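Hi,

Here is the structure I promised to pass on.

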Amino acid sequence: MQTQPKASHFIDGEYVEDTAGTPIDVIYPYTGKIIASLHAATPPIITQALASAERAQRDWGAMTGTQRGRVLRRAADIMRARNHDLSVLETFDTGKPYQETSVADATSGADALEYFGGLAGAMTGEHIPLAGGDFVYTRREPLGVCVGIGAWNYPTQIACWKAAPALACGNAMVFKPSETTPLCALQVAEILHEAGAPPGIFNVVQGMGDVGASLISDARVAKVSLTGSVPTGRKVYAAAAENIRHVTMELGGKSPIVIFDDADIDNAVSGAILGNFYSTGQVCSNGTRVFVQKGIKEAFIARLGARLQGVVMGDPQDPTTNFGPMVSDTQRKIVQAYIQKGVAEGARLTAGGNTPDRDGFFIEPTVFADVTDDMTIAREEIFGPVMCVLDFETEAEALARANATEFGLAASVFTNDLTRAHRMAAGFAAGTCYINTHNLAPVEAPFGGSKLSGVGRENSKLALNHYSEMKGVYVAMNDVEAPF
Ligand SMILES: NC(=O)c1ccc[n+]([C@@H]2O[C@H](COP(=O)([O-])OP(=O)(O)OC[C@H]3O[C@@H](n4cnc5c(N)ncnc54)[C@H](O)[C@@H]3O)[C@@H](O)[C@H]2O)c1
Ligand SMILES: C[N+](C)(C)CCCC=O
């Protein structure tokens, strides 16, 4: 496959290059080799993208929702038809196995385009009757130019989860992918353009944090939606506050999975595997603190150990591979340092922990048992394939410890006790909760975090509120009464 795009940026419906920008080499995590060379956006490129978005938004915002929705749904169809090629590219960009990307990335992006395309025509205001025949009506209006900034773990999905509701509401977007995985968002832009999105409605500019910072600080920008780490979230939120801009923040996590002794243990093990080793552990909502009730702890660890024999680590483009490399050598080194800390702080290593002696940024799926709440590996987001198993005795204890974190992205409970399941879900201090599963994110359901994990929600009808605002129009049907 040709991995070198026609140019670095996509602006006003066309590929655009400016070789004066800082070079960005795209590394395939399986080989460590360069597969594309791009350039970060220079100030003229940033200006060009924002000007194009501002110009295009006026007409796009004036179209009916049904007209806009038609474009988004057409884009969803194109995306589905190209799923194979998009999945191969996603695998080159991230190193995630094709076995995953072929069912979870372009497909998830297409779901978002289809869902918000369907909702676009159904967005209406309301009529509020008042005394004496007066009334108020509300108009749901677009915000204007929105900036999307992406993380590297789900480049296609993140671009679509932001673009779809933004465009459905009548906004234009300038999207900056992560500098680590810059390829996929360009395909999203091409597809939207091909589906009939007017030039300038969805633009992609490449670059590092400074490009993101320049975009946010521009006076033309009405909103920023970031997917990234908490430290970046702090900076972006602060920059947006400077001009009182709207924000959506999808940030990091250290989510709990609580497994009671009455749970179906095989389902619980599957949930823990999905919540720790999918995408080589590089998932924001991962349940990396696995609280297992004391009586079943050793049985859980033994079953988990047996299931880990099924790991197929290798060429991520091979459909039989189910565990790929980490996205970069930098990320692998961060994870290695956490594994060393886990050992040094006294956690019991029951699986993995090693870096295979081979090309690519691989690291074994790793399990620590006897982890305590105070250990570094139980407190900090690792963003790699490292599961911490902790034990507990009572429901109250499990809930208190599950919530004792500054993060609040996801939480799940495994139990066959119906009332306990709902008590736990109600008690979790997290935005995205699960009963007897973990890490599913259908477009119909809200996804996002509480506390340091974020602000706002992506997906579901709620996302429309984050990309539009309600205008109230008071209509007087009587003479105006004035005091003098
Ligand atoms: N909640 C979610 O939905 C979700 C999803 C995926 C990833 N994440 C989180 O993302 C993190 C991993 O991704 P990452 O390493 O790419 O995150 P990161 O915070 O390093 O970077 C995210 C993006 O922000 C940009 N950026 C950096 N500094 C900036 C600044 N000052 N102004 C504007 N933009 C700036 C980067 O270039 C990148 O595009 C993890 O913490 C993970 O939990 C969250
Ligand atoms: C769909 N997943 C797997 C929950 C990923 C959501 C985005 C977080 O990293």
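Predicted model: local features only at pLDDT ≥ 70, side-chain atom pairs only at ≥ 80, totals over all residues.

**Layout**

The protein chain splits into domain 1, residues 9–251, and domain 2, residues 256–435. Their centres, taken over C-alpha atoms, are 31 Å apart. Where they meet, 18 residues of domain 1 are in contact with 20 residues of domain 2. On the domain 1 side, the elements that supply two or more residues are α3 (83–94) and α4 (98–104). That side of domain 1 is made up of seven nonpolar, eight polar and three charged residues.

As for annotation, the unreviewed UniProt entry has "domain: Aldehyde dehydrogenase" over residues 16–472. Across residues 16–472 the chain is 41% helix and 21% strand, with 41 Å between the end C-alpha atoms.

**The ligands**

Where does ligand 1 sit relative to the two domains? Domain 1 and domain 2 both give residues to the shell around ligand 1, so ligand 1 lies between them. There are 29 residues around ligand 1, and the closest are G209, G212, G228, T232 and C284. The largest share comes from α8, with four residues. By class, the ligand 1 shell has eleven nonpolar, 13 polar and five charged residues.

Around ligand 2 the residues are N153, Y154, V283, C284, S285, N439 and A441. Four residues of the ligand 2 shell are nonpolar, three are polar and none is charged.

**The sheets**

Let me start with the seven-stranded one. Seven strands form an open sheet with mixed pairing, in the order β14-β15-β16-β13-β12-β18-β19. Why is one side of β14 and of β19 left without a neighbour in the sheet? Both β14 (348–351) and β19 (432–435) stand at the edges with a single partner strand each, so one side of each has no neighbour there. From one strand to the next, the twist averages 20°. At the β14 end, β14 pairs with β15 (residues 366–369) in the antiparallel sense over three bridges, and R348 has A369 in β15 as its bridge partner.

Then there is a three-stranded open sheet, antiparallel, running β5-β6-β22. Its edge strands are β5 (127–129) and β22 (468–475), each pairing on one side only. Here the twist averages 25° from one strand to the next. Three bridges hold the antiparallel pair of β5 and β6 (residues 135–142), with H127 opposite Y137 in β6.

Last, a hairpin. Strands β3 (residues 23–28) and β4 (residues 33–39) run antiparallel and are joined by six bridges. I27 stands opposite I34 in β4. Four residues lie between the strands of this hairpin, and G32 there takes a positive phi near 75°.

Cheers

Key:
Residues numbered from 1 in each chain as written. Chains lettered and ligands numbered in written order. Near = placed C-beta within 6 Å. Nonpolar A, V, L, I, M, F, W, Y, C, P; charged D, E, K, R; others polar. Domains from an automatic or database assignment. Contact = placed C-beta atoms within 7 Å. Pairing = 2+ DSSP bridges. Axes fitted to C-alpha atoms, helices over the stretch in contact; angles between N-to-C directions. UniProt positions renumbered as here; feature names shortened; annotations may be inferred.
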